[in-house]
Amino acid sequence: MIVAIIYLVLIVVSILLTVQSAHVLYLMLYTWDRADAELRARAPDEFLPPQISFSVLLPARHEEDVIQSTIERVVRANYPAELLEVFVICSQDDDGTIKKAEEKIDELKREGLRNVRVVVFDDQPINKPHGLNTALPHTANQVVTIFDAEDDIHPEIFSLVNTVMVQEKVRVVQAGVQLMNYESNWYSTLNVLEYFFWFKSRLHYHAHHGSIPLGGNTVFFARELLLRLGGWDDRNLTEDADMGLRISAMGERVRVVYDDRYVTKEETPPTLGHFIRQRTRWSQGFIQTLKKGTWKKMPTRKQRWLAFYVLVFPRGQALLGLYLPISLGMILILKVPVLIALCSYLPVLLLAAHFLVQAVGLYEFTGAHGLEASPKALMRMAIAWFPFQMVLAYAALRAMRREMLGRHDWEKTQHVGAHRATTEEAESRVG
């Protein structure tokens, strides 16, 4: 009897994981598989004259190494300075970032540019959404956007969004974000490809069905919409996903734009420890948002199901991490009926399919950005594939433990500007 129960559990879990993996594969290929989806994802071929004014929020904590370059890129964007205002947001105890930002602001003032200022807060919690809420009342322009402190934005990003918002009458635009330094360490290639498929394909599916967890930056909101929503949930560790689902519950349409030419460029976390803390924060934020229940307010069953599916994903990653070693061990050690052995092997086959798709994605990504996918990078990706899944599973389990313990402190991810070296390499190759 006990053996029969074990076999039943093994079959059920294997089938569930196989179905889930197949669906993720479908989402990864959504814009490649459907011409209409790819068409909806495109950036405009021509830009309209500037009409919309933008307030740019740059939340920063201990970002002394990168903040000045980011301010420079925003201010030098190909958009009228009088239609841009920039707010660098810092906690009062972050003397280093404040000093670097003010140095840059003074330099810009000497050139006659006075549209950048620092907003400092001295209360709790010390995290990104609280900083955004602190700065929001200081904004005055029509559209509020967020960039992270290490972001390399494209000079035409404001022209792109201005055109989309004016032409399509939308009030929320999510533009593309792309990690760049795919050869920095053993996990960076897989991390880069996660972003590639998420922004290039998966988000378009969510937007099409009106249930979208927004990205944390290069997202543009009509200011009056943010004010009506009361800003961000400053206790949520994924305030971006929460905001997206709140907007979806209102029935607000979100336009996702992904064009390799105009992506905001970022970097993978520099160490495994930073990567685990980042993924823990994301997983725990999804758990928080699931418990919060905003997704239940969505008007249709399909929207609610899609939101639930995304938010419960960290638990699925934890389950996959526990299941894969057991499944592989049973395949190698235990003698079970052929049908059960085949069922237990199905999730492994789907993971192999995921790897093949990502291998093709590596060549697409590097080709789009003037980089080169070397055989070494592909080999490193193959070797890292299984450990990477285990790291994601560990981060999900760690998030579940933190949530049970009631720990909601913001674990900071360090930024060192590694993506800028990759971009410079690509530019030199093109040149």
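Leaving aside neighbours within four places in sequence, which residues is Glu 411 in contact with? In this predicted model, where local features need pLDDT of at least 70 and side-chain atom pairs count only at pLDDT 80 or more, totals for chains, interfaces and linings use all residues. Residues are numbered from 1 along each chain as its sequence is written, and side-chain values use heavy atoms, with hydrogens and water left out.

With those neighbours set aside, Glu 411 is in contact (heavy atoms within 4.5 Å) with Arg 277, Thr 280, Arg 281, Arg 398 and Arg 402. Glu 411 sits in the loop that runs between helix H15 (375-405) and helix H16 (418-430); helices (H or I, at least four residues) and strands (E, at least two) are DSSP runs, numbered from the N terminus. Its relative accessibility is 11%, so Glu 411 counts as buried (under 20% relative accessible area, with exposed over 50% and partly exposed in between, using a 1.4 Å probe and protein chains only). The side chains of Glu 411 and Arg 398 make a polar contact at 2.8 Å. Such a contact is a pair of N or O atoms within 3.5 Å; within protein, one must be able to donate a hydrogen and the other to accept it, and residues adjacent in sequence count only if both atoms are side-chain atoms.

Attention now turns to Asn 162. This residue belongs to helix H7 (residues 157-168) and is buried, its relative accessible area being 0%. The Asn 162 side chain reaches the backbone oxygen of Pro 49 at 3.1 Å. Beyond its neighbours within four places in sequence, the contacts of Asn 162 include Leu 48, Pro 50, Phe 54 and Tyr 79.

The UniProt annotation "transmembrane region", from an unreviewed entry, covers residues 305-324, 336-357 and 377-397; UniProt positions are given in the numbering used here, feature names are shortened, and annotations may be inferred rather than shown by experiment. Residues 336-357 are 91% helix and 0% strand, and their end C-alpha atoms lie 31 Å apart. For residues 377-397, the span is 100% helix and 0% strand, with 29 Å between the end C-alpha atoms.
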